[in-house]
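Please look through the sequence and the structure shown below before reading on. The report that follows starts at one contact between chains and then widens its view.

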There are 4 protein chains.
Amino acid sequence: MTDAVVDGKLEVVKQQATKYVKETENVAEKYSAMTVSKNSDMNMNVGELQSAAFTAVPTLKSVKKIQFANAEDKQEFQKYPTKAGRRSLSRSISQSSTDSYSSDMSALISLRKRAQGEKPLAGAKIVGCTHITAQTAVLIETLVALGAQCRWTACNIYSTQNEVAAALAETGVPVFAWKGESEDDFWWCIDRCVNTEGWQANMILDDGGDLTHWVYKKYPSVFKKAQGIVEESVTGVHRLYQLSKAGKLCVPAMNVNDSVTKQKFDNLYCCRESILDGLKRTTDVMFGGKQVVVCGYGEVGKGCCSALKALGAIVCITEIDPICALQGCMDGFRVVKLNEVIRQMDLVITCTGNKNVVTREQLDRMKNGCIVCNMGHSNTEIDVASLRSPELTWERVRSQVDHVIWPDGKRVVLLAEGRLLNLSCSTVPTFVLSITATTQALALIELFNAPEGRYKQDVYLLPKKMDEYVASLHLSNFDAHLTELSDEQAKYMGLNKNGPFKPNYYRY
Amino acid sequence: MTDAVVDGKLEVVKQQATKYVKETENVAEKYSAMTVSKNSDMNMNVGELQSAAFTAVPTLKSVKKIQFANAEDKQEFQKYPTKAGRRSLSRSISQSSTDSYSSDMSALISLRKRAQGEKPLAGAKIVGCTHITAQTAVLIETLVALGAQCRWTACNIYSTQNEVAAALAETGVPVFAWKGESEDDFWWCIDRCVNTEGWQANMILDDGGDLTHWVYKKYPSVFKKAQGIVEESVTGVHRLYQLSKAGKLCVPAMNVNDSVTKQKFDNLYCCRESILDGLKRTTDVMFGGKQVVVCGYGEVGKGCCSALKALGAIVCITEIDPICALQGCMDGFRVVKLNEVIRQMDLVITCTGNKNVVTREQLDRMKNGCIVCNMGHSNTEIDVASLRSPELTWERVRSQVDHVIWPDGKRVVLLAEGRLLNLSCSTVPTFVLSITATTQALALIELFNAPEGRYKQDVYLLPKKMDEYVASLHLSNFDAHLTELSDEQAKYMGLNKNGPFKPNYYRY
Amino acid sequence: MTDAVVDGKLEVVKQQATKYVKETENVAEKYSAMTVSKNSDMNMNVGELQSAAFTAVPTLKSVKKIQFANAEDKQEFQKYPTKAGRRSLSRSISQSSTDSYSSDMSALISLRKRAQGEKPLAGAKIVGCTHITAQTAVLIETLVALGAQCRWTACNIYSTQNEVAAALAETGVPVFAWKGESEDDFWWCIDRCVNTEGWQANMILDDGGDLTHWVYKKYPSVFKKAQGIVEESVTGVHRLYQLSKAGKLCVPAMNVNDSVTKQKFDNLYCCRESILDGLKRTTDVMFGGKQVVVCGYGEVGKGCCSALKALGAIVCITEIDPICALQGCMDGFRVVKLNEVIRQMDLVITCTGNKNVVTREQLDRMKNGCIVCNMGHSNTEIDVASLRSPELTWERVRSQVDHVIWPDGKRVVLLAEGRLLNLSCSTVPTFVLSITATTQALALIELFNAPEGRYKQDVYLLPKKMDEYVASLHLSNFDAHLTELSDEQAKYMGLNKNGPFKPNYYRY
Amino acid sequence: MTDAVVDGKLEVVKQQATKYVKETENVAEKYSAMTVSKNSDMNMNVGELQSAAFTAVPTLKSVKKIQFANAEDKQEFQKYPTKAGRRSLSRSISQSSTDSYSSDMSALISLRKRAQGEKPLAGAKIVGCTHITAQTAVLIETLVALGAQCRWTACNIYSTQNEVAAALAETGVPVFAWKGESEDDFWWCIDRCVNTEGWQANMILDDGGDLTHWVYKKYPSVFKKAQGIVEESVTGVHRLYQLSKAGKLCVPAMNVNDSVTKQKFDNLYCCRESILDGLKRTTDVMFGGKQVVVCGYGEVGKGCCSALKALGAIVCITEIDPICALQGCMDGFRVVKLNEVIRQMDLVITCTGNKNVVTREQLDRMKNGCIVCNMGHSNTEIDVASLRSPELTWERVRSQVDHVIWPDGKRVVLLAEGRLLNLSCSTVPTFVLSITATTQALALIELFNAPEGRYKQDVYLLPKKMDEYVASLHLSNFDAHLTELSDEQAKYMGLNKNGPFKPNYYRY
């Protein structure tokens, strides 16, 4: 693909941008307004929008070709088991909350204000590969405001909000992404993001590990000279640990997936709300008095159980881990084996991250009308494959809702075909995305500014102090007032007044 | 309008019916399947459906004409303040849960089975005016199974599910209703329902009082000979009490609106869930940590507060009634005046049934991004009218969600233009509708079979024993097992073993 | 018994009074201080106190004799089934909260201030028969401040706080009561209270109906001329309704037992806390994870269930009333028959008011260590009598706690021998007593001041407006701020701005 | 002190033992029965018991003398700041639950059964220094059953249950402890426990570090040859880490204080119940509607807040750590500075582990009747010292409750003089003690049987698998049924089917 073609693509994006961008001082509002109009567009005339604004793009797609060195390489990039998982995130991101947008992204704005004088990212050349949404735009603008140069691409072929991409391009940030990329487009975009004349990235921000892997494989010299990698996803972190184990990680990397705030918000707090939302939007089920079994009592399960119990459901749990099981007891849930209760349940929810947690045999024994869904990590928790057999009839009653009908007429209501309910059928609050974006920005700043030797060629958890800083930036959303330690108290506790306040093994 | 035209209309309805009705023993499933396909239809190609199946109808509409004796009459039928309120119910009904349909309507099926041998409604000629939905169809079929003859019309111009109307017609029940009637259609249908040769209604089942009023005014001889009226709505009950006060009620009437189960389900239990659902569907707001004020701590307010508190919101309430206020204290909510807290709130919810509970002045003082909505009885709780002024900009960001923008850029997020959030933006669970339908059926049976003198020309509450019976019919949905009094225990308590179990003033 | 002896008795009481009464303006604090010292006394040296301060009383007791006209009469006064119930209240009253005393009784003080100018009880001559505690003293002083003359006696032979009686006597109110009266003392005191020269009661304040019955039987002329009776207890109210039914009630009587605030506080709110307190004080049981069955889901059961669920117990319920059962479902409790679950339970709690709710057969089937207790109205809910059989061994392990041991070694832990746990093993918060006392005062004022004809010779519920007034007087304890209706709003709602705010059948 | 004297002491203990020990197979019941009778004894005639049964002991106490090598040594043993803290635990231990005793200690019994065949502690010579209670007895018997030889002493001068000590002695375990030791007795007992001819300890089980320190200082050769130390307390662990830091720890030590189960039970689950219990027993305060501030939102604070909120209190929190503060927001608590709310609070609770969290200035600003108490680690959280000043009057109103009275009459209710409310005024459930004892037993087994090199001369956390095993042994109390991984699932998750199931950094 020639540069001219690329430029042509960007041209289209830029033209669209002029259509959308409102001149305003408040960046959060700018993107918020954008997303709002997009949403109404989506509901009204998505087809029209796409045909009008992106005519050039589909045409171009047939032209470019990713050059895989050999078949093996291509395979390698496709073998990661959770790719489907990551992809399915797209829906949720594009539906995320927009009304409370400006206030809910205030942590990043606030970070920008606090750090702007120092330009802590001056000299940083960041390549990023994430979902491209209004929230990401606020992140990128923040990085730029703090001194960084950025080039961006999408980590998912469906999740790009085109008008956001356009608006970002308009502000001068090269963005290689559009909604509905093909697999080849996907890699082409990644490559264009990294491979440009006269500019060499020294920082990587990744969500899923695809960009990292591409750089590692295709541009080893860039990889070696990078000052740091920030990785967001379970999969990407897993790939980094493997690289590290194999002795091939020559850059310090930061695992922001396991930071306290991100974990609690992505799992406990977010799922406490999205389980209700996802069930209501798909089935309108009344929770009061319903018999529910939740498989798995980790953070996700705890969130689901707490919400359902609060709304009058009668909840029991299954667990393999005796510690979590004991927590379940103390929280007032009967701990059962699935087989003991499966016949009575109105609702079966999986949150284990494991596979075949609900088997065909158990599906056979469910009562008529039982609703089955998955809030866990993979789409294999419910053995959906076993339901695609000739004796069962599938009836799609509405989007994301199938009735699977047994020969005797029994119907089981399967949601999102066993994929993640919260991502498929509800939304991720902007507030949760803000926590992630802020964590990413701080991790980039930390790695870029860390004194020689603080980080070696290994994978690190976010320093607790940074974790605490992310939390503190979000407290203003709740009008929450922190207490400060007096000198005397700090001394008594053996703490620095500015934290960190807890030992690393503290469990929160 | 000639009978030929009417017959023509019914013909259309019948033809459509053959398209939908599946031959099945299980009536609940029949309508359930119907509603399911309707729902997908609605989402896919409502236009197509309507143009195909009801071609005749719009044509006919121009022909018929309601004959109001005089302008006064017409005015009278239009002056009731809550007509808009009732109308808006349509949306919710047509969106009500269908997946758990068969099991959730099992109380009526069960009633039918228990009472079928006796045919307690043999001889009853019932004219009904309600929302025409799958649930209503189950009710009507039940009445017919118990011996009644029925003719039906719609209480709302938008809420009729056409295919249900068609299917009912197919079973032989004359139904005068379609989705999207005009005001004139509405009264024409009511009239056709009552006014037929060789058949005179002796029971009225009404929801809103329009049918009752029409019969009272137009067919006084029918009215006088009726054996009973069953009225479902607040408005209709109010009109009956006025008639009674005026000495013009010459028929026993039953107020089923104030039965215990209906009240608790329509208000407390239903709103506990729909407040969350309505807010999520419209704004995706995260509840955790949000500051919320709920105006009014009656059943609806109690439901809203309980749910929001359980999901981590910080909730305070306003009240005019010291008893409810004291309950609020005991339940852990600060009791405040709205002005004291209005500046800090993220969310303002009205549940008072009163007007101007949230004034323009208070709207002026809200913070940017504050969400305002109404769960109460009327759409005047929030002074929405005051927001329609030139200095404020309205931006419709999606269905049911407006941003009202102040000159300084502050946005207030107004839901459903101040109409009832739970009816506009969430759904009514089938289970709740089942309670209503069962209550109506029992009230008809009671009035029709009551010995001379039990009921005079007055408005009655549902006898407690009936109320208990409605509840008992719904217990099987929850696999709940009642304990029976022993003879000795019944004697000790001075109770009949079959109830009623509580004095009339018992508060539950 | 001669007047000299009576005077001697009172002399003792007065002497003791001088020992206790502190001169202070704040009456609440005066009694508070008194109760505080009493409590420490009780813990330290009850024996000493009694022998020192009331030496004269036991001596006198042998002298006086109640003159029952005949054996029948005596029997009549002893046949009421709940007498034991009322008696057992003593323990709790004498242990009621004292620390938060002054503030928690502020409603009465506040009532006194508001009504003092008017002296609404000027001319009232009240005979009272209640528990004699610090809280009662505040009530009596309030009645006096509002213009009444009072004479008082105790409704329970154990519950009198001697120093309070003394202090009251000191202020000039004749009090006939001491801790540890015999049955004969009890009636003698009641008689002395009513029967005095030159003073005839015109109002009766009763708790249990003994005083009312005595007046009715012994002093019919007083009874006939009385202006009103205020009755506090379930038993007393029952007796009044019987009198009324029999056409023998020639005085308007007010049933304050069924007022909204009293019911909610005595039952729901109070039991929500006292179930936990009673269980902890007696058994130290950990609630988390415990399997609990609560028999009866009325107000008391609702309170128990809510508290236990909140602390992590796994709770199911039994019910005879389908409406309450359905509420249980909606609140998240499995509704079972006791026999289905009895083997698994760690804790069995009765709240039915019925008898033999837990039978010997069920006790036989309980598991080792199961705790059984009663929160209901009578001590017959658990068939304790059946446990007093030779094959079972009773072991009193501490006050109010018995181990009943089966031949195979199984132990069932029986609390308070099946009497009311909350009265036997926990305390009644002063705040709850304040609600009762305020209600009593208002009922007296209402009956004494009601215009001719408002009340006939019947039993009345407290007018809703009074009920609301009681609540409003208690709101200041919670710094709760009521909202006032605007004129426009009051008109719209058809309400008086000062209440009552709800129809009589409103359920709260 | 001569051996004869020691023998004399033991003789007394043994004689008493014969009085108590019942021959029974079930060891738990044996001690349970013992504790039960003890409790009734305590209530009835503690004085009598002590004078009768332990006459010899006080006499002997004057004889023995601890030989401190020098003053420095003695000082060293007395300087640890939390000694008072540990001491105060005595009250709670001796009041711990006994009714549900047998079942609640079943984990140890179960461990014994599972491991008895293997005798995993054969050859272990354990010196122990813990509270000597019925629960400890079950632990010691378990250790013996598993093959160990034991000698025991008390970690606290007040907490020994004499009859338990006696019974243990009777079974052949030398026990050096009695209720009410002097400081000198305390060290004498420790010394006698370690220093015996022909027997050298090779394992140490300690609670507080006193025994460890004594062995380290006095018997360095024993210390060096020990195979392991198991330490239970915060203080003891702190001392071990200091030893380790100083390079003086020549034995592997296990910190069982920070195991997951112990932490959750000691803090979150236990305090959730004991905050209610402690407040009720001391003040009878009604929780509903009370304004409460909880200082510190760690595990203890979370437990307190959850319980109080559930019972209708209006709770806000203070925090220094932004992560915990954000958790507070998500859980629905306002995060405030103490000064902002101090005037309105009814209840102030500290759970920080810090000092001067509530200052004199804040105490000055509290409203009349405010209750102040401490649930944290030290007794310095409330600046109680500042209240001991001449202008304030203290009034002890009952055990553990003081009114501190300001010159203007304002009273603040101070509980337990600022010491730990849960230990001073409520009890520790046997279930919680069982978790601790089981953890200790497993830690001993692990250290004693670990292959060469698994543990070095350092302080270790309990291996996660052991932590999980402790939990699993307690699940049977709740009739909880664990799910087992299939081979396929275990492989998919990369887990061993028997655990551990989580990475070390998992937060639960």
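The side chains of Glu488(D) and Lys355(A) meet in a salt bridge, with 3.4 Å from N to O; the term stands for a side-chain nitrogen of Lys or Arg within 4 Å of a carboxyl oxygen of Asp or Glu. This is a predicted model, in which local features need pLDDT of at least 70 and side-chain atom pairs count only at pLDDT 80 or more, while totals for chains, interfaces and linings use all residues. Residues are numbered from 1 along each chain as its sequence is written, chains are lettered from A and ligands numbered from 1 in the order in which they are written, and side-chain values use heavy atoms, with hydrogens and water left out.

Across the interface of chain A and chain D the rule finds four salt bridges. On the side of chain A that touches chain D, the elements giving two or more residues include α14 (260-283), α16 (322-330) and α20 (430-449) of chain A, and α16(A) gives the most, with eight residues; helices here are DSSP runs of H or I with at least four residues, strands are runs of E with at least two, and both are numbered from the N terminus. In contact, that is with heavy atoms within 4.5 Å, are 63 residues of chain A and 63 residues of chain D. Chain A and chain D bury about 5800 Å² between them, 61% of it on carbon and sulfur atoms, where buried area is the accessible area (1.4 Å probe) that two parts lose on being put together, summed over both.

A rotation of 180° with 0.0 Å of shift along its axis superposes chain C on chain A, with an RMSD of 0.1 Å, by least squares on the C-alpha atoms of residues with pLDDT of at least 70 in both. That is the relation of a two-fold axis.

Turning to the backbone, most residues other than glycine have a negative phi, and most peptide bonds are trans.

Asp284(A) is found in the loop between α14 and β7 (291-295) of chain A, whereas Gln400(D) lies in the loop between β12 (393-398) and β13 (401-405) of chain D. A cis peptide bond, with omega about 0°, joins Gly499(A) and Pro500(A).
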